[in-house]
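Hi everyone, thanks for coming. Let's have a look at the model on the screen and talk through a few spots in it.

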Amino acid sequence: MAKKKTRTPIVAGNWKMNGLMSSKSELKTLAKHLKKQSKSACDVVICPPATLLKAFQSDVKGTRIKLGAQDCHQNQSGAHTGDVSAQMLADAGAKWIIVGHSERRTDHKETDALVCAKAGAAIAAGCGVIICVGETEAQRDKKMTLRTVGRQLKNSMPETANAGDVVIAYEPVWAIGTGRTPTNEEIAEVHGFIRSKLFARFGDEGKSVRILYGGSVKPANAREILAIENVDGGLVGGASLKAKDFWGIIKAYGAK
Ligand code: 13P
């Protein structure tokens with residue numbers, strides 16, 4: 001995988017609404033596994049529920065694991081009962097914030113404009129932002145994949161974003177939690193398309209932005225998917241919950 005060296009890959013685990021204090025044991029096991037790999041192989045991020053961020057801070061100290069959050073409110077503070085701001089998440093130890101995940105776009109009817117505002121808030125709080133895009137199965141069937149992803153990318157990217165602030169995660173909605181994945185050619189096509197849009201947005205710096213693939217990444221398919229051109233890592237759901245499985249994916253980038 002020497003060709004990947006222009007960008008340090010990221011393997012990020014999105015725990016979604018899973019995890020309790022007892023999950024600290026997974027984090028400790030993961031940290032142990034990571035010692036079997038060179039630090040420079042890839043960046044490793046765990047995005048637990050917001051309730052665990054602060055609790056996990058001491059566990060990731062001195063390891064390669066960085067913490068991330070799964071969403072944030074678009075405002076810094078105020079009368080928004082039950083919401084959590086990017087600044088609060090950063091204060092609790094988040095270095096990254098995921099925005100625009102399809103589950104939020106669907107469950108909470110989040111629009112591109114809202115995702116864009118949230119991404120801006122994450123950047124303003126000093127976090128890196130992982131902006132998720134991806135088509136539904138109906139959109140793919142209607143050959144609207146690139147149009148959909150292009151629209152989401154353009155409208156979810158804040159004016160204030162610099163290339164160094166953002167990571168894009170391509171997650172086809174129909175591949176999330178289903179065990180189904182696009183073909184390698186389909187993944188390469190969308191990632192190549194996203195790369196061209198990043199060049200259009202950021203000029204030459206577009207080449208430094210990492211584009212993650214997400215949707216049913218498992219130890220069994222990680223090596224193949226992560227080797228595809230313009231795939232700079234993975235955003236992993238189910239297989240990130242167990243340290244053994246997550247390490248099975250991370251080690252696609254080599255182990256000592
Ligand atoms: P799965 O890996 O469980 O398919 O989830 C992908 C995802 O939604 C990550 O954000």
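So, where is the place of Asn230? Asn230 is in the loop between helix 9 and strand 8.

Quick housekeeping. This is a predicted model, so to speak about local features we need pLDDT of at least 70, side-chain atom pairs count only at pLDDT 80 or more, and totals for chains, interfaces and linings use all residues. Residues are numbered from 1 along each chain as its sequence is written, and side-chain values use heavy atoms, with hydrogens and water left out.

Back to Asn230: its phi is positive, about 70°, although it is not a glycine. Asn230 is buried, with a relative accessible area of 15%. Buried means under 20% relative accessible area, exposed over 50%, and partly exposed in between, using a 1.4 Å probe and protein chains only.

Lys143 also has a positive phi, about 60°, and is not a glycine. You'll find Lys143 in the loop between helix 6 (137–141) and helix 7. Lys143, though, counts as exposed, at 73% relative accessibility.

Now helix 9, residues 219–226. Its buried residues are Asn221, Ala222, Ile225 and Leu226. Looking down the axis of helix 9, these fall within an arc of 125°, so they line one face. That arc is taken from the directions from the helix axis to the C-beta atoms. Here's the handy rule: an α-helix has 3.6 residues a turn, so residues three or four places apart point the same way. On the face turned away from the buried side, helix 9 carries the exposed residues Ala220, Arg223 and Glu224. The cover over its buried residues includes helix 8 (184–202), strand 7 (210–214), strand 8 (233–236) and helix 10 (243–250).

Helix 10 also meets helix 1 (residues 24–34): their axes come within 9 Å and cross at roughly 30°. That makes the two helices roughly parallel, a word used for angles under 35 degrees. Axes here are lines fitted to C-alpha atoms, for helices over the stretch in contact, with angles running from 0 to 180 degrees between N-to-C directions. Contact means heavy atoms within 4.5 Å. On the helix 1 side, the contact is made by Glu26, Thr29, Leu30, His33 and Leu34, and on the helix 10 side by Ala243, Lys244, Phe246, Trp247 and Ile250.

That's my tour. Over to you!

Technical notes. Helix = DSSP H or I, 4+ residues; strand = E, 2+ residues; numbered from the N terminus. Parallel < 35°, antiparallel > 145°, perpendicular 65-115°, else oblique.
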